[in-house]
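Biologist: I would like to understand the words you use for this model. Could you take me through them?

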Amino acid sequence: MMTATVVLENLLLIFLVLCAVMSVRFEEELISIIFLSTFSIVLTALYLLHRAADVALAEAVIGAGLSTAIFMSAISQIRHGDSD
Amino acid sequence: MHKYLKKTLVISVFILTAIALYENFLLVPEYTGLRTGVSDYIISSGLSDTGSLNLITAVLYDYRAFDSLGESTVIFGAVSGIVLILSRKMLPVSSRGLSFIVKRTFGLVTPFIALFSLYVITHGHLSPGGGFQGGVILAVISIIFSIVYGSAFDYRRYSPQVKTAMETMGAFTFLGLGVVGILMEGFFLKNLGFLTARTGTLISAGSIPYVNFGVGIKVGAGLAIIFYSMIQKTFKEDF
Amino acid sequence: MRNNFIFIILFMLGLYALIMKTNLIKNVIGLNIMEASIFFWVIAFSDVGGEVAIHKMGEEFSKFNDPVPQALTLTGIVIGASTAALLLTLIIELNQFTDTIDRDEIEGLNN
């Protein structure tokens, strides 16, 4: 049972770093924001594995929910000079 | 040559930061040696001191309540700055929203989201959760209104004046409980002992449920104001 | 100890996005990743293998994880979200005058 937790944590850590790399690497802002949201969800699972339930709830609600909405509303307002 | 100099500088900054972080992590001792002291005291006597089953809530709203007051002030400052910066803009009133199916579905789901946020706020001292998390779920309701039903619906149902009044009410609840703490117990934001009931009931743990409620309303209204300000657009070039 | 490399990698990724990317929104994303790495380090460091720090009714149990770092992290997450919102607002307002969010292009407009 202990090893299953360790394997799960390692998989989640790999996925966390992968999400962060994708979020930094892509040029388009929309894809970056979606990967940042995924990053927050994976981080929520890791917080739960480390027995921090309150922090996990806050990260799920703020990082994956509200932050994404605020980023989206920001990029919907950005004007690019090339298009007009 | 200028380009290579810049690149070398940046790479050296990266390498130095990585080495500094690694050395810093090596210096940190094992945590088990650190936890004698404050955390042992809180774990062993937090329940009898505050009556709150959730020790994290006990730390946030009793032992370090002044810290939470500072955090609320930071959120208030961010909201003030955002509203001030974006104050010249006007709301594009869109009453169209999304399709009929989405509107009906969210008409069924939204009351349960509101119920869940109230549950998270009021059970902050019994289960995981508390004022901040529940408040953010309250703000999500405003975001759902804006996206699904159009921003005109959100403006009519849940206008900026109502949000401002709610945020002020939350802040005054927090500060008022602090002042009552001075009057009754002798210290600012001290837990009110005479409100403590049997452990595990909904209104136990002194003033922690009321502080939770104030913080929840304050955070929810503040973040809803942030989102509401950020979806505004100028009509400078559209006319 | 094994996890420390993960935090260093995440922190350096955030720093890379902050320094090397010229898109201002990518800079805010990098700042968020740096914050998240530090918060996760605090949580993983204070995990001593105990339970969630919530008493259960009618049970005497005292092997908990430390609640103090979790409370501090909770404070930090909320403040991080509000500072990110303030930064994005400043970027929107800058974009109204310059029609771009690229750092180098904004610098070029001055000269």
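Modeller: Gladly! Helices (H or I, at least four residues) and strands (E, at least two) are DSSP runs, numbered from the N terminus. This is a predicted model, where local features need pLDDT of at least 70, side-chain atom pairs count only at pLDDT 80 or more, and totals for chains, interfaces and linings use all residues. Residues are numbered from 1 along each chain as its sequence is written, while chains are lettered from A and ligands numbered from 1 in the order in which they are written.

Biologist: What makes up residues 101-223 of chain B, helix or strand?

Modeller: That stretch is 72% helix and 0% strand, with its end C-alpha atoms 28 Å apart. An unreviewed UniProt entry annotates residues 101-223 of chain B as "domain: Na+/H+ antiporter MnhB subunit-related protein". UniProt positions follow the numbering used here, feature names are shortened, and annotations may be inferred rather than shown by experiment.

Biologist: How do you know that the length of helix α8 of chain B agrees with what it should span?

Modeller: The expected span is 1.5 Å times one less than the number of residues. Helix α8(B) has 26 residues (160-185), so it should span 38 Å, and its end C-alpha atoms are 37 Å apart, which agrees. Just after α8(B), B:G186 takes a positive phi of about 100°.

Biologist: What makes residues of chains B and C count as in contact?

Modeller: Their C-beta atoms, placed from the backbone, must lie within 7 Å. By that rule, 38 residues of chain B are in contact with 33 residues of chain C. On the side of chain B that touches chain C, α4(B) gives the most, with eight residues.

Biologist: How are the residues on that side of chain B classed?

Modeller: Ala, Val, Leu, Ile, Met, Phe, Trp, Tyr, Cys and Pro count as nonpolar, Asp, Glu, Lys and Arg as charged, and the others, Gly among them, as polar. The side of chain B that touches chain C therefore has 26 nonpolar, eight polar and four charged residues.

Biologist: And which element of chain C gives the most to the side that touches chain A?

Modeller: The contact takes 36 residues from chain C and 32 residues from chain A. Here α3(C) gives the most, with twelve residues.

Notes: Two residues are in contact if their C-beta atoms, placed from the backbone, lie within 7 Å.
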